[in-house]
Amino acid sequence: MGTVMTNAKERSNRMKSLFGNVDSAELAKQISAGPAVKVGSGAVKSMDRAFVAVEEENDRLREQLSGSEAIVEIDSAHVVPSFVRDRLDIEGDPLFQGFVEGIRESGQRLPILVRPSPDKQGYFQVAYGHRRLRACQILERPVRAIIRELTDDELVVAQGIENTERANLSFIEQALFAATLKSRGFRRETIAAALGRADGKLTYISMLIGIAEQFPAELIARIGSAPSIGRPKWEKLAAHFKDGRAPAAAQLIIDQVTSTRTWVALPSDQRFAALMNALEHKAASGDRGEEIEVGGGAVITAKSSRSSTLITIRESKMPGLSAWLIEKLPALVDEYRQQNGETPMR
């Protein structure tokens, strides 16, 4: 995630500011009281790794929590996610199912941090502990939580601490998170803090926002987190878009690639690669143009670049069609603008 918090002391201080005053001795009793995780010899390796990750998280956070705020149990169905999404697919994490099984076996050892929901009376909004919350919801059991009044800024910074402490967001998750916060009016300084940018430099935040705004958010959701795809490849893909939209020819390719069963079955990184390969192939073959059959043996050739499209009609195959289209073109443009919610020019 770029530059993150650089030392344990800084992380510890930020955690203490979030969780306030939790009695560390009492918390240690509650943690140690839970049964040990038992993994049978036939358990899959991914579950073993997940249990280890849970224990490491417990050890780290046990040392960081301090104070006297009460830990309470809340109906997990009455806790909603943060108002801004960071991770594109929690349940798509291959270790998440093992995490759920760990909580099923040992219970929830560490509390989550929530605030009263500003929109729904009797509900709460999670700031820290999204995976623990989702696991409790899947298991249909209450979630143990600390309730605190938090501003919107404090809540998104808490999310940033969670991601920095546990596992980095992928590049595009960072970018989408930053762009979403910007669209909700957050200052770049707050966005930097939420992404764990200890250096305070805002150029990285501006770059993230710029790349995210090149793509339709719906397309990013289709691709997914693409954890192995970094900035250079996303910038290369962004070259096929302008102001959040793809040219008509590129959009046709996107629709064709993303609507197949093969696409849906692919891991996120491979979905990105499939789309990039299709668009790059289209760009490489652009000089030849695309032939569109219009019936009766007639073919119209459309040759597209990133800035324009050239349509060629053979008069010998469809005499008079070119003149007819030119005559109809103003009305067709008006119809196009109306479909896109624009005011016709005439």
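How are α7 and α9 oriented to each other? Keep in mind that this is a predicted model. Select helix α7, residues 171–183, and then α9, residues 203–212. Their axes come within 8 Å and cross at roughly 95°. An angle of 65 to 115 degrees counts as roughly perpendicular, so α7 and α9 are roughly perpendicular to each other.

Now show the side chains where these helices meet. On the α7 side, pick Phe171, Gln174, Ala175, Leu176, Ala178, Ala179 and Lys182. On the α9 side, pick Tyr204, Met207, Leu208, Ile209, Ile211 and Ala212.

Next, the aromatic rings. The structure holds four aromatic pairs. Select Phe215 and Trp234 for one of them: the ring centres are 5.4 Å apart and the planes stand at 85°, so the pair is edge-to-face. This pair links distant parts of the chain, 19 residues apart. Phe215 sits in the loop between α9 and α10 (217–223), while Trp234 belongs to helix α11, residues 231–238. Are these two residues buried or exposed? Phe215 counts as buried at 4% relative accessibility. Trp234 is buried too, at 0%.

Move to helix α4, residues 96–106. Eight of its 11 residues are buried, so α4 is largely enclosed by the rest of the structure. Colour the buried set: Phe96, Gly98, Phe99, Val100, Glu101, Gly102, Ile103 and Ser106. Step on to Gly107, which follows α4 and has a positive phi, near 85°. Then return to Phe99 and bring in Arg131. Arg131 lies over the face of Phe99, at 4.2 Å from the ring centre.

Last stop: Ser117. Where is Ser117 placed? Look in the loop between β3 (112–116) and β4 (124–128). Ser117 has a relative accessible area of 15%, so it is buried; the cut-off is under 20%. Follow its side chain to the backbone nitrogen of Lys120, reached at 3.1 Å. Leaving aside neighbours within four places in sequence, Ser117 is in contact with Tyr123, Phe124 and Gln125. Keep Lys120 and Tyr123 selected. Lys120 lies over the face of Tyr123, at 4.3 Å from the ring centre.

Conventions:
Residues numbered from 1 in each chain as written. Predicted model: local features only at pLDDT ≥ 70, side-chain atom pairs only at ≥ 80, totals over all residues. Heavy atoms only, no water. Helix = DSSP H or I, 4+ residues; strand = E, 2+ residues; numbered from the N terminus. Buried < 20%, exposed > 50% of the residue type's maximum accessible area, 1.4 Å probe, protein only. Polar contact = N/O pair within 3.5 Å; in protein donor to acceptor, adjacent residues only side chain to side chain. Contact = heavy atoms within 4.5 Å. Phe/Tyr/Trp six-rings, centres within 6.5 Å; stacked < 30°, edge-to-face > 60°. Lys NZ or Arg CZ within 6 Å of the ring centre and 35° of its normal. Axes fitted to C-alpha atoms, helices over the stretch in contact; angles between N-to-C directions. Parallel < 35°, antiparallel > 145°, perpendicular 65-115°, else oblique.
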